[in-house]
Amino acid sequence: MQSITFSASRMACPGSIFLAMGGDNLAETILFVPPRAYADPSKLAFIKLGTATDPLAKKALAWDAASAAYRWSVERAELRVAVGVSDLRGQFMLEWQTATGDVATWESRLFPVTIDRSIDIDALIVAEQPGYLAALETRMDASVAQAQAHAQSIAQMTAQATTLAPGTPATATSEVRAGVVKLTLGIPRGATGAQGVKGDKGDTGAVGAQGVPGAKGDTGVKGDTGAGLYVLGYYATPAALSAQVVSPKPGDAYGVGAAEPYDIYIWGGGAWVNNGSLRGPKGDTGAVGPKGDRGLTGPTGEIGPWGADGLPGLDGAQGPEGPPGAAGPNRLSTSTSTSLNGLIKGALGAVAVAVAGVD
């Protein structure tokens with residue numbers, strides 16, 4: 001019986017599984033010990049056998065609770081297909097269902113399966129060497145144990161690499177201490193390669209966080225007084241300016257326009273630049289000023305012409321009765337019956353009492 005142990009990422013077992021042509025029932029029994037994280041009897045285990053040209057045939061394996069492994073009872077019919085074939089290979093795999101309902105799979109690396117075809121086990125059992133099978137099993141167990149020991153030393157192997165000078169041949173040395181292989185490699189340093197092609201400019205990175213404000217700097221030294229703006233002359237148009245001023249110096253300023261406000265053209269070293277007029281835009285209306293003092297009386301104006309007659313006014317209300325009036329003259333007639341006392345004066349038939357001192 002062979003026992004083969006797998007780790008999570010690689011197979012820690014002999015480089016090849018040796019199987020003999022069995023008797024009438026079973027030829028060999030092999031236990032596969034899965035990785036510790038996958039050792040679960042609820043998972044389905046399979047062994048797949050095939051060749052480089054034929055697909056691997058999958059066979060289900062039974063869980064062996066005593067050894068916490070999956071048991072492969074090799075049947076003689078499985079080995080008959082391998083007669084005359086030297087590249088038979090096998091693979092151990094597990095399948096299980098995840099919580100989401102998907103099927104997950106873990107597979108070992110492929111490993112060679114060697115069939116011992118040189119001995120007719122059936123003939124030996126019936127003939128003169130009935131103990132040969134036991135002897136063969138003992139030898140195979142010894143070979144397996146030795147192979148497992150070598151595999152264990154390789155699994156625990158440590159490796160160390162050192163850098164050698166360029167042009168020096170590579171070296172490799174090994175030693176075994178306490179059953180562990182220590183491998184030392186000497187790798188020469190390669191020559192410096194040629195300068196690579198400049199790569200494309202990378203994308204602009206994200207804006208970084210706002211930095212901490214720096215300390216306030218010292219007050220700078222007061223600069224020299226500027227030259228100011230001095231208008232050197234005036235021209236009606238820009239064309240006239242360019243035609244008349246043929247060798248301007250940077251900063252030279254001229255007024256251009258038919259009348260105020262003039263546009264100020266300044267020579268910038270390669271062309272005249274219009275900086276607009278010196279007069280700014282019209283300002284806003286100012287606030288109302290305080291009330292001024294009373295002015296002097298002006299001269300009397302001329303009399304104007306008479307106006308047109310107005311419309312007649314309405315009749316007034318009836319006034320109160322006046323006091324009795326003085327005695328008026330009486331005209332004498334045949335119907336007069338007036339009493340007169342005193343002197344009488346009269347004319348044209350009208351008489352009245354004469355007034356003393358007057359009449």
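Leaving aside its neighbours within four places in sequence, with which residues is K58 in contact?

**Entry 1. Conventions.** I worked on a predicted model, in which local features need pLDDT of at least 70 and side-chain atom pairs count only at pLDDT 80 or more, whereas totals for chains, interfaces and linings use all residues. Residues are numbered from 1 along each chain as its sequence is written, and side-chain values use heavy atoms, with hydrogens and water left out.

**Entry 2. K58.** I took up the opening question and found F46, I47, K48, M93 and E95 in contact with K58, its neighbours within four places in sequence being left aside; contact means heavy atoms within 4.5 Å. K58 is found in strand β6, residues 57-64. Strands (E, at least two residues) and helices (H or I, at least four) are DSSP runs, numbered from the N terminus. I47 lies 11 residues from K58 along the chain, and their C-alpha atoms are separated by 5.7 Å. I noted K58 as partly exposed because its relative accessible area is 47%; the classes are buried under 20%, exposed over 50% and partly exposed in between, with a 1.4 Å probe and protein chains only.

**Entry 3. Overall figures.** I counted four helices and 20 strands in the protein. Of its 359 residues, 21% count as buried. The protein exposes about 27000 Å², of which carbon and sulfur atoms supply 55%; accessible areas come from the Shrake-Rupley method with a 1.4 Å probe, and for residues only the protein chains shown count as cover. Among contacts between residues at least 6 apart in sequence, 49% join residues at least 24 apart.

**Entry 4. Confidence.** I read a mean pLDDT of 78, with 77% of the residues at 70 or more; pLDDT is the predictor's confidence in each residue, from 0 to 100. Over residues 22-26 the pLDDT stays under 50, and the model has 13 contacts for them beyond four places in sequence. The stretch 123-129 also has pLDDT below 50, with four contacts in the model beyond near neighbours in sequence. Where pLDDT is low, the predicted coordinates should not be read in detail.

**Entry 5. Nonpolar cores.** Which residues have the most contacts inside the largest nonpolar core? I found F6, F32, L61, W72, F92 and F111, in a core of 18 residues. At least two residues of this core come from each of β1, β4 (26-33), β5 (44-50), β7 (69-75), β8 (89-97) and β10 (111-116). A second, separate core has seven residues, including V245, Y254, W267 and W272. A nonpolar core is a set of buried Ala, Val, Leu, Ile, Met, Phe, Trp, Tyr and Cys residues joined through side-chain atoms within 4.5 Å.

Entry 6. I traced antiparallel pairing of β8 and β9 over five bridges; two strands pair if DSSP finds at least two bridges between them. E95 stands opposite T105 in β9. Five residues lie between the strands of this hairpin, and G101 in the turn has a positive phi of about 95 degrees.

**Entry 7. The β16-β17 hairpin.** Strands β16 (residues 263-267) and β17 (residues 272-277) run antiparallel and are joined by four bridges. I266 stands opposite V273 in β17. I found four residues between the two strands, with G269 in the turn at a positive phi of about 105 degrees.

**Entry 8. A three-stranded sheet.** I recorded an open sheet of three strands in the order β11-β13-β12, with mixed pairing. Its edge strands, β11 (158-164) and β12 (171-177), each pair on one side only. β12 pairs with β13 (residues 180-188) in the antiparallel sense over seven bridges, and the bridge partner of V176 in β13 is V181.

**Entry 9. Backbone exceptions.** Most residues other than glycine have a negative phi, and most peptide bonds are trans. A68 is not a glycine, yet has a positive phi of about 50 degrees. A68 is found in the loop between β6 and β7, and counts as partly exposed because its relative accessibility is 37%. I found the peptide bond from E260 to P261 to be cis, with omega near -5 degrees; P261 lies in the loop between β15 (253-256) and β16.
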